[in-house]
Amino acid sequence: MYSPYSALFKEHYWGGIPISLFALGSFAFYAAFAVYLLVYGSRAPKRALRFFGAASLLPLLVSLIMFTISVTKLGTVCKTCAGIYISSLLLAVAGVMAFLSSRDDAPGEPRAVIGAALPLIWLVSLGAISLMPALVYAGSVPDERPYLTKCGELKVPKIKNDEFIKVTTSRPIQPTLLFEDPLCPTCKAFHERLVGENIIEKLDIDLVLFPLDSECNWMLDQALHPGACIVSKAVLCGGVQARAVLEWAYEEQEFLSRAGKQGPNVLRAAIKQRWGDVMLKCVDDRKTETRLNNHLHFASDNNIPVSTPQMYLGTRRVCDEDTDLGLRFTLGQLAPEVLK
Amino acid sequence: MTQPFSPPPGAGVAASKLPAAGLAGLASGAVFVLGAVLAVRLWVSGAADRLSTPEAEKPKVAVADQSEVGYCTPQFKQVLERVLHSCGLAEGDSRRGCQPADVKTFASISDEDFNALFTPLKDRGAVVMFDEGEDKLDDQAKKLLEDKWFARRGARYFFVVARASKSGNQAKNRALSHRRANSVMIHLNEVANDPEIESKVGLLWLGNEFAQLSKDYCSWPSSRGDLKCDEEAINRSAFVSWVDCRL
């Protein structure tokens, strides 16, 4: 699962600095502070208890923000994240209890008194300790740059006897070749990311359709995405509207995937309903089948891995992991103008 | 007389705990922070090791390529490769096609064995049939040829093996089978709109002197499936098929 909210400074460090490292540092501080209070026992200073009560709400606050993002933007919650949310909640409960206990004084056991500046020092310490794992991470991450260009190049840069599909964008500056399957969920996520991070508009995209459907793709024994051949033909028939058809396919991917499993006619009906008769005729045309076959032969001529999506900057293949976690770093190195 | 100072009960205990609690907090803080930092350092160095020393046995990833099916036996591929090299496909030679004498020479194979090589192509290919002494494609032949041509899928080469029946002399049949192969090529050129067609189509014409088809081949898909078929008729033909072998 890729989340754009999971790390910071992604353009400077491959994959960015995971935000969970800040949690790791801060929990180390809270654990140490808990030991401090524990040793004090019933004589713990009021200021310390109140500081702990107030500071323990910070992780809960951050967790609430991240949980809201997870649910509303990502639609899922990762296991590590859930662990941090629960820990934050428990910490906050403990903090509130500590705060409440600061009101009581045990008879015959006066509380220790500490200086007024100490909570400020603790707060600074909390900030510094929270940063430490992230700083160590940033200072020790391996240099990924030599590996960015080691995932191959196109052997045959032009499609024989045919043309790529031009995906229209507003400020195309970086020649890019994409192999995509309109019914592939990873392609959908990748496309949405390119759109969401405002990268796509700066890419000069040639699209090659590579449906993972054995109906037209001889490289598969069985269809991974049944119906992808028909939807790919619809994208081919889109002409100047190819991007709109592709984005429609991504938006309706769940429905189209179900339709694809029900049979080609269900899928044809869906295409006809959205794009009309002319599109359907084009989809069923022998020339479109030949064009799709040319796209598949282009993949075959270049011996690309049988997977989607795949991205080429110019003729250089971007490694799979670099189209995922390392995308911004990779673009920052290989095509920095795209991120400006 | 002054009253002696008496601290509140427990104050001494609290004061004595101050350094103990502070030290415990500091010490545990140091341990936890050091643990966190060491853990991060270990994770990162592990990642660096994996990056610089990738697994020797990487899981194999399927790579896109032309199709390769069961009938692509070494013997079959050997004959086809000889056809490719000898008939001008592989090197972009200006020479096009192979005549019977060439085929006999480079195939180094008996008539029966040559035909047997093509048996697995029964369903992939078809027999385009001609009238006696004619090289003109009728409408059914054209349709069948187009159907076969556009069902390319992952194949790289399209083979046309033209023949003539035993009627007439050898020279005449050699020329006739050559014209039949050319008719197929001309029609493909018209419908395919493929500038690279020359490098895809392998033309062989066998006249009536090599690898004649037996009557058994009448059961193969043909452009005249509904008409009477005998040994003479089935050899007035061109067998056409994509070949799903990596050559």
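Which residue of β5(A) stands opposite A:Phe179? In this predicted model, the residue that stands opposite A:Phe179 is A:Val208 in β5(A).

- Chain A holds an open sheet of five strands, which run in the order β3-β5-β4-β6-β7 and pair in a mixed fashion.
- The edges of this sheet are formed by β3 (165-167) and β7 (316-318) of chain A, each of which pairs on one side only, and the twist from one strand to the next averages 30°.
- Within the sheet, strand β4 (residues 174-180) and strand β5 (residues 203-209) of chain A are paired in the parallel sense over seven bridges.
- Strands of a sheet pair through backbone hydrogen bonds, and they may do so in either a parallel or an antiparallel sense.

**Helix α9 of chain A and its surroundings**

- Helix α9 (residues 253-262) of chain A packs on helix α10 (residues 264-284) of chain A at an angle of about 140°, the two axes lying 5 Å apart; α9(A) is therefore oblique to α10(A).
- To this contact α9(A) contributes A:Leu256, A:Ala259, A:Gly260 and A:Gln262, while α10(A) contributes A:Val266, A:Leu267 and A:Ala270; by class, the contact has five nonpolar residues, two polar residues and no charged residues.
- The buried residues of α9(A) are A:Leu256, A:Ser257, A:Ala259 and A:Gly260, and because they fall within an arc of 160° when seen down the helix axis, they line one face of α9(A).
- These buried residues of α9(A) pack against α7 (228-237), α8 (242-251) and α10 of chain A, whereas the face turned away from the buried side carries the exposed residues A:Glu254, A:Phe255 and A:Gln262.
- After α9(A) comes A:Gly263, which has a positive phi near 135°.

**The contact between chains A and B**

- The contact draws 40 residues from chain A and 38 residues from chain B.
- On the side of chain A that touches chain B, the elements giving two or more residues are α1 (20-40), α5 (118-140) and α11 (286-301) of chain A, and α1(A) supplies the largest share, with twelve residues.
- By class, the residues on this side of chain A divide into 27 nonpolar, eight polar and five charged.

**Strand β3 of chain B**

- In strand β3 (residues 201-205) of chain B, five of the five residues are buried, so the strand is largely enclosed by the rest of the structure.
- B:Val201, B:Leu203 and B:Trp205 point one way from β3(B), while B:Gly202 and B:Leu204 point the other way, and all are buried.
- Strand β2 (residues 157-162) of chain B pairs with β3(B) in the parallel sense over five bridges, and B:Leu203 in β3(B) is the bridge partner of B:Val160.

**The setting of B:Glu232**

- B:Glu232 belongs to helix α7 (residues 231-235) of chain B, and because B:Glu232 has 15 C-beta neighbours inside 10 Å, this residue counts as partly exposed.
- When residues up to four places away in sequence are not counted, B:Glu232 touches B:Ser165, B:Lys166 and B:Ser167.
- B:Leu213 is 19 residues from B:Glu232 in sequence, and the two are 8.8 Å apart in space, C-alpha to C-alpha.

Definitions and conventions
Residues numbered from 1 in each chain as written. Chains lettered and ligands numbered in written order. Predicted model: local features only at pLDDT ≥ 70, side-chain atom pairs only at ≥ 80, totals over all residues. Pairing = 2+ DSSP bridges. Helix = DSSP H or I, 4+ residues; strand = E, 2+ residues; numbered from the N terminus. Axes fitted to C-alpha atoms, helices over the stretch in contact; angles between N-to-C directions. Contact = placed C-beta atoms within 7 Å. Nonpolar A, V, L, I, M, F, W, Y, C, P; charged D, E, K, R; others polar. Parallel < 35°, antiparallel > 145°, perpendicular 65-115°, else oblique. Buried ≥ 20, exposed ≤ 12 C-beta atoms within 10 Å, placed from the backbone. Arc of directions from axis to C-beta.
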